[in-house]
Amino acid sequence: MNPRKLKIDNIKVYLLPLIGITIVFGIMGSIMLYSLEEHFNDRAREEYLNIASGYSLSLSKAAEAEEVVNDLLAEKLSIAGNAVIREVAPFDDEFLKRTALLMEVDVIEIYNSDGVIINATNADHLGWKAEKGHPVDNFFISDLNSYVGGVRQDSISKYYIKYGYFRMPLGGFVQVGVMADKVGSFLGNFEMQKLLSEIEGTNEVRVALFIDSENRIIGSTNEDDVGNVIMDNEAIEAMQGDQEQGFVGHLFGERLYQVFVPVYFENQKIGTLGIGASMSKTDEIIRRFSYMGLLILFAIYMSALLMGKLSYNKDKKFMKLAYHDSLTGLPNQVYLREALAENLRKNKGKKKALLLVNCDNFKIINMILGYDYGDEILKEMGDKIKSIVEKDIMLFRLSADRFVLYIENYRDKSELTELSNRITELFIRPFRVKDTIKYLTIQVGITEIGDEEKSIDQMLKEASLSLSTVVESKSENYAFFDKNMDERMQRKEVIERELRQVIQGKDESAFYLEYQPLVTLKDRRIIGFEALARLRSKNLGMVSPVEFIGIAEHKHLIIPLGNIILKRACIFIRDLNLLGYDSIKVAVNISVLQLLKDDFTDVVKNIIKESGINASNLELEITESVIFENFDVINEKLKELKAVGIKIYLDDFGTGYSSLHRLKELQVDTLKIDRSFISHIRDEYDSTVIARDIISMAHRVGLTVVAEGVELESQKAYLLMNDCDIMQGYLFSHPLREEDAISILRENQDEGLLQHKR
């Protein structure tokens, strides 16, 4: 089957309308549920505002009674305070306790002239002093002789208490308090609590509150709430106005319909009546409508799926005819073209190939035995090839006696070769037709498919052309199509051969090192060189290091070649030492294959020893991706190398798998900024590149910084401004042969001496 065709058909015919229905149904359902909720909210607002308004008049009378109670409590506090003031100091805590019991108050505390409690009914409060802005401190610094406040939370005991303050003649003052629950019980005697309780039992009302002007609850059907301050911003905003308010919100952690009605006494607002009613019935109705909508939507989905299934079965029959070969049952050429187009589009970057299987002598057999027997042979050919088809392989009948295999995700050409041999082996045994034995001659043409733009006809043509090159022998029943393969293979073989000659010591002149100076940015002083390998082929001319290093790694030649580079660099260091340049260092790039060798550190130490140089003159450059992919193993080797004095460069920083948080753990001395960061610098004030951030970060962890690829004065100016230590690039010098490197070093040092004398 062609699943893509079925998929497109079902999406266009059923899925898109289904999505449209879902969107429309969802919008309509949302509007309906919103309207329904608004309707119930409006009803709730009207109902509960009527209830609250009816009780607000009664509460105003209760508030009048509250004024009387507050006056009585203030008088009680005043009597108690004056009784203490009349007593001659010093005060006795036992006296305070007797006075509190006699006067029916809960707290008596004496403050000295510094505002510190020196006597109290509760010994835990002794020594306490109020902070600035505290009600006690406000009275202490005021000119008032006495003051009675409202209910507040005590700073020490955390109880809610109504306090009065009375100044003593000789300095200091007395604080007298009554617990809030007693205040509440007094008010209860004047029916406020009874009124709130009546409201609670009306029409789903869950809680009724009376809130003062400071948003403090002074009456509630939930006694635990008395004394608390309302913290909900929406409720506070509703209470601040002079109009009745109603809305759905959360009060004390529960979703309620809330109504707030101002309460007036003698034309002055004295508080707010709050009612919270349960939304459970409304929520239940809306929930039922939601479930009903989901049920309807589910029914629509099921109907659409059923229609899609019926359509799929119908389409399957038609596509069986359109996309499959009626003789073998295999996908046909139409299917091949569509499947190829889709897979090539979706699977860019993957290995892909076409194998064209051809029966060389089928036409003769078909002519001799007739088409009916030829059809039987084709069926059996299809079955045999199909028997070896695995994952990532698709089989098609292209035409007459030709079959095509499309394969993805194979390892390399050897896997294609192996598959070709397996196909050939299927037909080693002869076919028995009309009491005669017939052998089939099978050939396989192979074309590998890259990501370049190429028509399917061109691919099939390449596979067909490759068949013409098949040598009819047991060992060569297949051929690859690659117009450039011979030329490329010859070039690689030449490079490999010459590298082997270098390693064997047969042609040392073709392989040499050049040295590019490492220069301090501040005074342009050469402090070292980087050794760069070069290959001049007799047949190919100059070969890029990227090319011959890649071949050396692939052919497992990089380790002996790397040792040659290291030896020659050490000899150059020795020559520099003999000329008196003892402080000049030479950096050598190290391959990951060298690093991962168990004896790598020993090899380096032996080369240093044989060269007779100081290890501190040698620097090894390691690519950052190499280190972070094998961190623990390589870091341990670097530690061992550093122990003998070798400096370690972290090369091409920023292009791999940088792990900045592990830089401190890393056994490196110098960080080398990759040239790709330097090339983007436009001027010394350029803020769009991150080179300065890398420099700053490296310095913070104690690393020296080298910028490579510096070619412009503007780049140098930028690096100087951002305190980069060393530069390397064409702005100062191209890579140089050994004698030229020594000459430029001598000129640089002579110039430095002249500047020093000046």
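This is a predicted model: local features need pLDDT of at least 70, side-chain atom pairs count only at pLDDT 80 or more; totals for chains, interfaces and linings use all residues.
I take helices (H or I, at least four residues) and strands (E, at least two) as DSSP runs, numbered from the N terminus. Residues are numbered from 1 along each chain as its sequence is written, and side-chain values use heavy atoms, with hydrogens and water left out.

**Whole chain.** I looked up the secondary structure and found 23 helices and 26 strands in the protein chain. Of its 758 residues, 44% are buried (under 20% relative accessible area; exposed is over 50% and partly exposed in between, with a 1.4 Å probe and protein chains only). The accessible surface is about 40,600 Å², and carbon and sulfur atoms hold 52% of that area (Shrake-Rupley method, 1.4 Å probe; for residues, only the protein chains shown count as cover).

**Helix α1.** I located I27 in helix α1, which spans residues 3-86. I27 counts as partly exposed because its relative accessibility is 48%. Together with I19, I23 and I31, I27 makes a nonpolar surface patch of about 370 Å². Such patches take residues with over 30% relative accessible area and no salt bridge, joining nonpolar side chains (Val, Leu, Ile, Met, Phe, Trp, Tyr) within 5 Å and like charges within 9 Å. A salt bridge is a side-chain nitrogen of Lys or Arg within 4 Å of a carboxyl oxygen of Asp or Glu.

**Strand β4.** I found K162 in strand β4, residues 160-167. K162 is buried, at 7% relative accessible area. A polar atom of the K162 side chain lies 3.0 Å from the backbone oxygen of G149.

Conventions. A polar contact is a pair of N or O atoms within 3.5 Å; within protein, one must be able to donate a hydrogen and the other to accept it, and residues adjacent in sequence count only if both atoms are side-chain atoms.
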